[in-house]
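Look at the sequence and the model that follow. The paragraphs below them go from the whole chain to single residues.

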Amino acid sequence: MSISTVPQGRSERFPFELVRPQLEKVEASIRDQIRAFDPAVEPYVSYVCNTSGKRIRPALSILTGGALGQVDEGHLKIGVILELIHMATLVHDDIIDGAVTRRMIPTANAKWGAGLSVLLGDALFSHALHLATDFNDISICRKVGHASREVCQGEIVQTQRRWDLTLTKADYFRIIEMKTGALFAAATGIAAALSGADAETEARLFDYGMKLGTAYQIYDDCLDLVGSEEDVGKTLRTDLEKGKLTLPILNLLESASDSQRAKLNKRIIDQEALDLPVLVGIAEYEGAIESAVDTASNMLGTCRDHLVGLPGSEHVEALEQITWYLAALLEKCRR
């Protein structure tokens, strides 16, 4: 099957509906965690937690538990922990990127400024790590700590490497594996460990999450170039303005003519915004997007390979369905 072919009908049904009842429990637990903060801090935490999205990471942990036999409280708890870490990273990302909206409402940074927002992100991080100590298994705490460290390191390296013409595709993939893939991989890998999976199965499901998260970040990077803020509900073109060399841009630098590459290189060296009209005017621009979409689609194929051999169930079907859902979103990025 071609990597650009999505099986008919697979892209229409959102795959998390199967675990909606458990996700509602996760929502209730997140509300409980909001109330655990000091009353003076609670309104800020509530604002951030109530402006989040589809709870992808908790859904992955629940689906993995179901795929391996049974969903228990541990799968819900790790989902809550990872979601709090994710929300902390979003608060910090919006400060670094200067984003003013997320999901069509003002970001914490736009509402209260960078100082308070940094501390708010820190509070969410520390609370999530505190919750991880509720697990009696120290290895779970280590895995949560490792994922948190990876996310933070990824953001540091990405910020450090802005406007950096020496950035390679290997560097880019490592950054997004840390920045996005790590929490997806923690959701599926830790959930597998909680289910008592053997080492080989845990490793396969960990890599499923890593590849899924990496493909998702490539999609987000493409969306930053081709998406509409009205449709997406957040500030776009921040990658271009802040000098982030994402996969489409790296593809473009690789395929552009010498004169076009020299023009792009000068803008990057001078730290000038890589504005969209300049990019669109380069003949290879569409091909750069196409190539990035193909790369992510191939990763999703690897995700599906990792599910082969698991007992047939609705939860395994949903894990596969997620990959087709994301594949359909990626297809919309083709120009």
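Predicted model: local features only at pLDDT ≥ 70, side-chain atom pairs only at ≥ 80, totals over all residues.

Residues are numbered from 1 along each chain as its sequence is written, and side-chain values use heavy atoms, with hydrogens and water left out.

The protein has 16 helices and 2 strands. Both kinds of element are DSSP runs numbered from the N terminus: helices are H or I with at least four residues, and strands are E with at least two. Of the 335 residues in the protein, 52% are buried. Buried means under 20% relative accessible area, exposed means over 50%, and partly exposed is in between, with a 1.4 Å probe and protein chains only. Contact means heavy atoms within 4.5 Å. Among contacts with a separation of 6 or more, 76% join residues 24 or more positions apart.

Now take a pair of helices. Two packed helices are described by the angle between their axes and the distance between the axes. The axes of α2 (residues 42-49) and α6 (residues 114-132) come within 11 Å and cross at roughly 80°. That makes α2 roughly perpendicular to α6. Here axes are lines fitted to C-alpha atoms, for helices over the stretch in contact, and angles run from 0 to 180 degrees between N-to-C directions. Angles under 35 degrees count as roughly parallel, over 145 as roughly antiparallel, 65 to 115 as roughly perpendicular and the rest as oblique.

Which residues of α2 and α6 meet? From α2 they are Tyr44, Val45, Val48 and Cys49, and from α6 they are Leu116, Leu120 and Leu124. By class, this contact of α2 with α6 has 7 nonpolar, no polar and no charged residues. Ala, Val, Leu, Ile, Met, Phe, Trp, Tyr, Cys and Pro count as nonpolar, Asp, Glu, Lys and Arg as charged, and the others, Gly among them, as polar.

Tyrosine 47 also belongs to helix α2. Leaving out residues up to four places away in sequence, tyrosine 47 touches Ile105, Pro106, Lys111 and Trp112. Tyrosine 47 and threonine 107 are 60 residues apart in sequence, and their C-alpha atoms are 9.4 Å apart in space.

Arginine 55 is in the loop between α2 and α3 (56-67). Its phi is positive, about 55°, although arginine 55 is not a glycine. With 4% relative accessibility, arginine 55 counts as buried. Apart from neighbours within four places in sequence, arginine 55 is in contact with Leu23, Glu27, Ile30, Cys49, Glu83 and Met87.

Tryptophan 163, in the loop between α7 (138-160) and α8, is another residue other than glycine with a positive phi, near 60°. Is tryptophan 163 buried or exposed? At 16% relative accessibility, tryptophan 163 counts as buried.

Isoleucine 96 lies in helix α4 (residues 73-97). Isoleucine 96 is partly exposed, with a relative accessible area of 31%. Beyond its neighbours within four places in sequence, isoleucine 96 is in contact with Glu155, Thr159, Arg162 and Lys242. From isoleucine 96 to glutamate 155 there are 59 residues in sequence and 9.4 Å in space, C-alpha to C-alpha.

On a 1 Å grid over the protein atoms alone, a cavity is a set of points where a 1.4 Å probe fits but cannot get out, and a pocket is an open set with protein on both sides within 12 Å along at least five of seven lines; lining residues have an atom within 4 Å of a point. Grid points are joined across faces, edges and corners, and a volume is the space filled by probe spheres set on the points.

The whole structure has 2 cavities of 30 Å³ or more. The second largest cavity holds about 80 Å³ of space. Its lining includes Gln158, Arg161, Tyr172 and Lys244. Helix α8 (residues 169-194) gives the most to this lining, with 3 residues.

The second largest pocket has a volume of about 170 Å³. Of its 15 lining residues, Lys143, His146, Ala182, Ala186 and Phe206 are the closest to its centre. α8 gives the most to the lining of this pocket, with 8 residues.
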